[in-house]
Amino acid sequence: MSLFKKIFSTQKKESLDKGLEKTKTNFLSKLSKAVVGKSKVDDDVLDNLEEILVSSDVGVNTTLKIIDRIEARVSKDKYLGVDELNAILREEIAGLLSETNFGSETEFTVSLVRKPYVIMVVGVNGVGKTTTIGKLAYQFKKQGLKVVLGAADTFRAAAIDQLQVWADRVDVSIVKQSMGSDPASVAFDTLSSALKQNADVVIIDTAGRLHNKVNLMNELTKVKRVMQKVVEGTPDEVLLVLDGSTGQNAFEQAKQFTKATEVTSLAVTKLDGTAKGGVVIGISDQFQIPVKYIGVGEGMDDLQVFNKIEFVDSFFSGKE
């Protein structure tokens, strides 16, 4: 199908394939069992397929859309063999995601119409927030951009220390204060320092607690307000990091955080260690917020730009 032309480099594609291996193996083995003894796609096969998609964390709403699309294909083509089901699924999921206006990027990019480009990163503790920030800094620096990190998660000393480790590893500047400092003060200092350094990109870490949405919302609003005193209209992007291995819990976190603050993009991490990678399909379809990055491994280059066509192709690769 024309949708599936080569977009990524061989190395990036291999990394994506490897990162989705557990999800793919789990999904395709369930699919094989669902069609044993069947010669065509009938109601039983569709019922089984619905169950498989939901259990693969694609999500109920997105699953129903996919089933509707396949039912329309069955109705139109009259006879569809089960040996074609994998290819049909691949095409219909890609077709569904292609209706969204995002997920077409192939490289890490930021707008430098105004400098610095400011990314505020949010997400609960343990989702891979700091690692995502470090890997983003690495990607932007690799492009020759000057990056400054801000350690505004002052709730935990470990968060500040972790960000320092990444700043040293990637060799970028970091602005930090002691644990318990005012996060807004750190954000203010970070932007002030970035302006003096003529930095291209600023990435600001924030506290990862969600036990009290009101407090979180107030804190993030204050951080934004203080940043705008330094650079009007910041942040340019609010990136929510979600742990893909938590499946449906990632959906719930996305709902809660989008209520607490104005999230503009998503990163879904830890896909290499889970069979729940289908959650990316559901999140990409359900939220009117672009999935911008996915984490498919431990390496520095294993944070990838999310490209929906390459993702679906990898999800179903290895069996036609």
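How many salt bridges does the count come to?

Modeller: The count comes to 23 salt bridges. Keep in mind that this is a predicted model.

Start with Lys 292 and Glu 237. They form a salt bridge, and their closest N and O atoms are 2.9 Å apart. Lys 292 sits in strand β7 (residues 291–295) and Glu 237 in strand β5, so the pair ties together parts that are 55 residues apart in sequence. The two partners differ in cover. Glu 237 has a relative accessible area of 3%, under the 20% cut-off, so Glu 237 is buried. Lys 292 is at 23%, and therefore counts as partly exposed.

Some bridges share partners. Arg 69, Arg 73, Glu 91, Glu 92 and Glu 99 are joined in this way into one network.

Next comes the pair Lys 276 and Asp 57. Their side chains meet in a salt bridge at 3.7 Å, N to O. This pair links distant parts of the chain, 219 residues apart. Lys 276 is in the loop between β6 (265–269) and α11, while Asp 57 is in the loop between α3 (43–55) and α4. Asp 57 has 7% relative accessibility and counts as buried. Lys 276, with a relative accessible area of 32%, is partly exposed.

Asp 44 and Lys 38 make another salt bridge, with the closest N and O atoms 3.2 Å apart. Here both ends are partly exposed: Asp 44 has a relative accessible area of 43%, and Lys 38 has 27%.

Now the elements around the Lys 276 pair. Helix α11 (residues 279–286) is mostly covered, with seven of its eight residues buried. Those buried residues are Val 279, Val 280, Ile 281, Gly 282, Ile 283, Ser 284 and Asp 285.

Helix α4 spans residues 60–77 and includes Val 60. Val 60 is partly exposed, with a relative accessible area of 49%. Together with Val 54 and Leu 64, Val 60 makes a nonpolar surface patch of about 220 Å².

Back to β5, the strand of Glu 237. Thr 246 is found in the loop between β5 (237–243) and α10 (248–260). Thr 246 is partly exposed, at 28% relative accessibility. From Thr 246 to Val 127 is 9.2 Å, C-alpha to C-alpha, although the two are 119 residues apart in sequence.

The largest pocket holds about 250 Å³ of space. It has 13 lining residues, and the closest to its centre are Lys 12, Phe 108, Gln 139, Lys 142 and Asp 301. Two or more lining residues come from each of α1 (10–19), α6 (129–142) and β8 (303–305). α1 gives the most, with three residues. By type, this lining has two nonpolar, six polar and five charged residues.

The second largest pocket holds about 190 Å³. Its lining includes Thr 131, Lys 135, Trp 166, Lys 270, Asp 272 and Glu 298. α6 provides the largest share of this lining, three residues. The residues here divide into two nonpolar, six polar and four charged.

Definitions and conventions
Residues numbered from 1 in each chain as written. Predicted model: local features only at pLDDT ≥ 70, side-chain atom pairs only at ≥ 80, totals over all residues. Heavy atoms only, no water. Patch = residues over 30% accessible without salt bridge, like charges linked within 9 Å, V, L, I, M, F, W, Y side chains within 5 Å. Areas by Shrake-Rupley, 256 points an atom, 1.4 Å probe, with all protein chains shown as cover. Salt bridge = Lys/Arg side-chain N within 4 Å of Asp/Glu carboxyl O. Helix = DSSP H or I, 4+ residues; strand = E, 2+ residues; numbered from the N terminus. Buried < 20%, exposed > 50% of the residue type's maximum accessible area, 1.4 Å probe, protein only. 1 Å grid on protein atoms, 1.4 Å probe; cavity = no way out; pocket = protein on both sides within 12 Å on 5 of 7 lines; lining within 4 Å. Points joined across faces, edges and corners; volume = space filled by probe spheres on them. Nonpolar A, V, L, I, M, F, W, Y, C, P; charged D, E, K, R; others polar.
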